[in-house]
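Trainee: I would like to learn how to read the features of a model like this. Please take me through some of them in turn.

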Amino acid sequence: MIKHAHINNIIKSICNKLMDEGSLTSPRNMKTLELLNVWCTLTDPKKSICTLKSRKLSHKYLNAELDWYRSGDLSISKIKNYSSMWERIADDYGYVNSNYGYWAKHHKCNNYITQFTWCAEQLYKDPNSRRAVINYNNPDHKYEDVKDFPCTISQHFYVRKGFLDSVVLMRSNDLIYGFCYDVPYFTLIQKELAQLLNIKLGNYMHYAMSMHIYEKHFKMMANIIKEK
């Protein structure tokens, strides 16, 4: 378990583990350094934005992605202006599956409420509930030739000892492009739920079955390890 108060230290720890223990794989013929079954805990979810100089996080893109998530728009018409990646994985009509804000706060469940509202209601009625779960990857995404198969499986919320904790489960997580932009959104959802329920903010926990870095970022990984 990797455990730190700031995401910078988590990223550095993962880079060190990748360098020492990572295995080379080639999914879709892309050379990749990979760790399996990585658990990390961010003890202060308010410190979820990477400020490492070696990473050079784009705050312009991060803000655009957060706004896109808030909109719940599965169309890439706006977000594609900030990253060409979305055009590569969109369907023929310009839509994707991985707008996490859509699944959390716009898509309606069978009882006509959003998954975020479901979580709030479950914890309001029973603070000990284990049912407060948002599903991001779902059976509807399993179709032939799918380009955008969401990396995030679910986000679970629970209240223990007066704190709202959150656990995100990932099937796959690119440390550089994925993790650095995913965690700010998932901690934002956690903070919003804590405020709504008037509960203290607890830990943010993140599990990735595959945590990896692509070859084009190997040099960046080495620089992150060296950075103080």
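Mentor: Start with a pair of residues: R160 stands opposite F163 in β6. This is a predicted model, in which local features need pLDDT of at least 70 and side-chain atom pairs count only at pLDDT 80 or more, while totals for chains, interfaces and linings use all residues. Residues are numbered from 1 along each chain as its sequence is written, and side-chain values use heavy atoms, with hydrogens and water left out.

Trainee: How are strands defined, and in which sense do β5 and β6 pair?

Mentor: Strands are DSSP runs of E with at least two residues, helices are runs of H or I with at least four, and both are numbered from the N terminus. Two strands pair if DSSP finds at least two bridges between them. Here β5 and strand β6 (residues 163–170) are antiparallel, with eight bridges. The two form a hairpin with two residues between them.

Trainee: Is K161 buried or exposed?

Mentor: The terms rest on relative accessible area: buried is under 20%, exposed is over 50%, and partly exposed is in between, using a 1.4 Å probe and protein chains only. K161 has a relative accessible area of 83% and is therefore exposed.

Trainee: Which other strand pairs with β5?

Mentor: Strand β4 (residues 133–135) pairs with β5 (residues 152–160) in the antiparallel sense over three bridges. V133 has H156 in β5 as its bridge partner.

Trainee: What should I look for in β3?

Mentor: Begin with burial. Strand β3 covers residues 32–42, and eight of its 11 residues are buried, so the strand is largely enclosed by the rest of the structure.

Trainee: Which strands pair with β3, and in what sense?

Mentor: Strand β1 (residues 2–4) pairs with β3 in the parallel sense over three bridges, and T41 in β3 is the bridge partner of K3. Strand β2 (residues 23–25) runs antiparallel to β3, joined by three bridges; there, S23 stands opposite E34. Strand β8 (residues 200–214) is also antiparallel to β3, with 10 bridges, and I213 in β8 is the bridge partner of L33.

Trainee: How many residues lie between β2 and β3 in their hairpin?

Mentor: Six residues lie between them, and R28 in the turn has a positive phi of about 55°.

Trainee: Where does N37 lie, and what is its phi?

Mentor: N37 lies in strand β3. Its phi is near 55°, a positive value in a residue other than glycine. At 48% relative accessibility, N37 counts as partly exposed.

Trainee: How far apart in space are H59 and E87?

Mentor: Sequence separation and distance in space are read separately. H59 and E87 are 28 residues apart in sequence and 20 Å apart in space, C-alpha to C-alpha. H59 is found in helix α2 (residues 59–71), and at 43% relative accessibility it is partly exposed. For another pair, D73 and V96 are 23 residues apart in sequence and 9.2 Å apart in space, C-alpha to C-alpha.

Trainee: Which residues is D73 in contact with?

Mentor: Contact means heavy atoms within 4.5 Å. Leaving aside neighbours within four places in sequence, D73 is in contact with W68 and N99. D73 is in the loop between α2 and α3 (85–89), and it is partly exposed, with a relative accessible area of 29%.

Trainee: What does the secondary structure of the whole protein come to?

Mentor: There are seven helices and eight strands. Of the 228 residues, 50% are buried. Among contacts with a separation of 6 or more, residues 24 or more positions apart account for 66%.

Trainee: How does the radius of gyration agree with that of a compact globule?

Mentor: The radius is taken over C-alpha atoms, and the globule rule is 2.2 Å times the number of residues to the power 0.38. With 228 residues, a compact globule would have a value near 17 Å, and the protein has 18 Å, which agrees. The C-alpha trace spans about 50 × 45 × 30 Å along its principal axes.
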